[in-house]
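Subject: Structure handover

Hello,

Here is the structure for your files. My notes on it follow below.

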Amino acid sequence: MIKVICNSNANGVFEQLGQAFSMRSTMSSWLSKAGLVGIAIVAATAYAAAQMPNHARMHEQMNSGSPDQHQQMMQQGGPTMHGMQGGMGQHGMMGTKSAGQQTLPGQEAFGTIQQVVRILDEDPATDWSKVNISALREHLIDMDEVTMRATAVDHALDNGIEIAVTGEGRTIDAIKRMVPAHVHELSQLGWNAKTENIPNGVKLTVISQDAKQVTKLKALGFMGIMVQGSHHQLHHLMMAKNEFVH
């Protein structure tokens, strides 16, 4: 009887010791994992804190300056673009765009007039008694008529190109004002250009003694020839100042 009781007690003790050892191992494993998680959280917090000054500086740069400067920084890949390839960077950039100011006027002629008026506003020498924005508007209408509504029929020459430019109604007047006035600019580029009136429009002839220039003229066609030179922008400002009539 005594032997049985001893064996029974010993087995119970061993069982309790085994359970205690198992519990201690489980707790040790859990504490180890918890320690690793804690280390990871501390490291992530430290990294985020280190990034905050740069992030704040970036936003300060984005929010300072004019919309034109902000747009230039975006195009040049400045602080608003640098280091924003990840998901959070893209989200931040999109948020900046939506919160920023719109720079496009929505209509080209409107934007041109807006720019000219801003230039006049910023020039203390502007004589507002002579300014004529209506003349600039009429010219922009002419440009739209010639660009979008005129019909241009090209005829290749051995030494250049001949173009019949015609239209109807308001377009005819625009053709007769713009095309002959462009001849002087073409001559400045080294081409021999002339115009003559034809029914419903003008015939433009442009020739050159240079075979390469002849090839270029044929490739450009009517509108390619009309956009040659950089005089348009200057003329627009002069029109607004009432110093030039196209």
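Read along the sequence, the protein chain runs α-α-α-α-α-β-β-α-β-β-α-α, with 8 helices and 4 strands (DSSP runs numbered from the N terminus: helices are H or I of at least four residues, strands E of at least two).

This is a predicted model: local features need pLDDT of at least 70 and side-chain atom pairs pLDDT 80 or more, while totals for chains, interfaces and linings use all residues. Residues are numbered from 1 along each chain as its sequence is written, and side-chain values use heavy atoms, leaving out hydrogens and water.

Of the 246 residues in the protein chain, 26% are buried (under 20% relative accessible area, 1.4 Å probe, protein chains only).

Helix 5 (residues 133–148) packs against helix 6 (residues 170–188) at about 105°, with the axes 8 Å apart (axes are lines fitted to C-alpha atoms over the stretch in contact; angles run from 0 to 180 degrees between N-to-C directions). The two helices are therefore roughly perpendicular (65 to 115 degrees).

On the helix 5 side, the contact (heavy atoms within 4.5 Å) involves E138, H139, I141, D142, M143, E145 and V146; on the helix 6 side, R170, T171, A174, I175, R177 and M178. By class, this contact has 6 nonpolar, 2 polar and 5 charged residues (Ala, Val, Leu, Ile, Met, Phe, Trp, Tyr, Cys and Pro are nonpolar; Asp, Glu, Lys and Arg charged; the others, Gly among them, polar).

The buried residues of helix 5 are L136, H139, L140, D142, E145 and V146.

Regards

Definitions and conventions. Parallel < 35°, antiparallel > 145°, perpendicular 65-115°, else oblique. Buried < 20%, exposed > 50% of the residue type's maximum accessible area, 1.4 Å probe, protein only.
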